[in-house]
Amino acid sequence: MYQNKQAIALGTLVFLILFGFASIIFAFWAWPQYNVYKMELNGQASLKEAQWSKQILIEEAKAREQAALMQAKARVTLAEAEGRAKIVQAKAEGVADIERAKAAAEANKIIGESLKDNEAYLRYIWIKGLQEGNGERIYIPTEAGLPILEAGKAGKKNKS
């Protein structure tokens, strides 16, 4: 039985040694294979990341383009609205000018009618204007249609 145990121990030892050598040989073969597999997975991961980054950049560019388009449309719409507002304002101002002109014409007509055959009132306004004048010169046309330019100066020279 003692020899049987020695044979079993020796067989076990030989098996362990052979198993160790086989493990080392397998490790030398498997390690490069694992590195290749690992690099392949890293490459695939990098490729996926690059594809996603590219997709993100494309979507961001599309979003910027859509935003620029919307801003341009908004600017055009705003310019059109401002243009229509200016047209409406110009028309309103034109109508207001016409109404003012009609009112002025009516006032002139009323004043003209009231001054017809009213020489006394016109003379009164003229005299009042002369009294309120502050040393202003008044040009009175002569028979030739030319004003007397030196009449105001002539009175001042005589007083000196």
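I24 is partly exposed, with a relative accessible area of 45% (buried denotes under 20% relative accessible area, exposed over 50%, and partly exposed the range in between, with a 1.4 Å probe and protein chains only). The structure is a predicted model, in which local features require pLDDT of at least 70, side-chain atom pairs count only at pLDDT 80 or more, and totals for chains, interfaces and linings use all residues. Residues are numbered from 1 along each chain as its sequence is written, and side-chain values use heavy atoms, with hydrogens and water left out.

The secondary structure consists of three helices and zero strands, in the order α-α-α from the N terminus; helices (H or I, at least four residues) and strands (E, at least two) are DSSP runs numbered from the N terminus. Of the 160 residues, 1% are classed as buried. The protein exposes about 14900 Å², and 65% of this area is supplied by carbon and sulfur atoms (Shrake-Rupley method, 1.4 Å probe; for residues, only the protein chains shown count as cover).

I24 belongs to helix 1, which covers residues 2-115. Together with L10, L13, V14, I17, L18, F21 and F28, I24 makes a nonpolar surface patch of about 830 Å². Such patches are made of residues with over 30% relative accessible area and no salt bridge, with nonpolar side chains (Val, Leu, Ile, Met, Phe, Trp, Tyr) joined within 5 Å and like charges within 9 Å.

Four salt bridges were counted, each defined as a side-chain nitrogen of Lys or Arg within 4 Å of a carboxyl oxygen of Asp or Glu. Among them, R100 pairs with D97 at an N to O distance of 2.3 Å. Both residues lie in helix 1, three residues apart, about one turn of the helix. R100 is exposed at 52% relative accessibility, whereas D97 is partly exposed at 42%. E99 and K102 form another salt bridge, with their closest N and O atoms 3.8 Å apart; this pair is separated by about one helical turn, because the two residues are three apart in helix 1. E99 is partly exposed, at 45%. In a further pair, the side chains of K116 and E113 meet at 3.5 Å, N to O; K116 is exposed at 52% relative accessibility and E113 partly exposed at 49%.

D117 is located in the loop between helix 1 and helix 2 (119-132). Most residues other than glycine have a negative phi. The phi of D117, a residue other than glycine, is positive, near 55°. D117 is exposed, with a relative accessible area of 82%.
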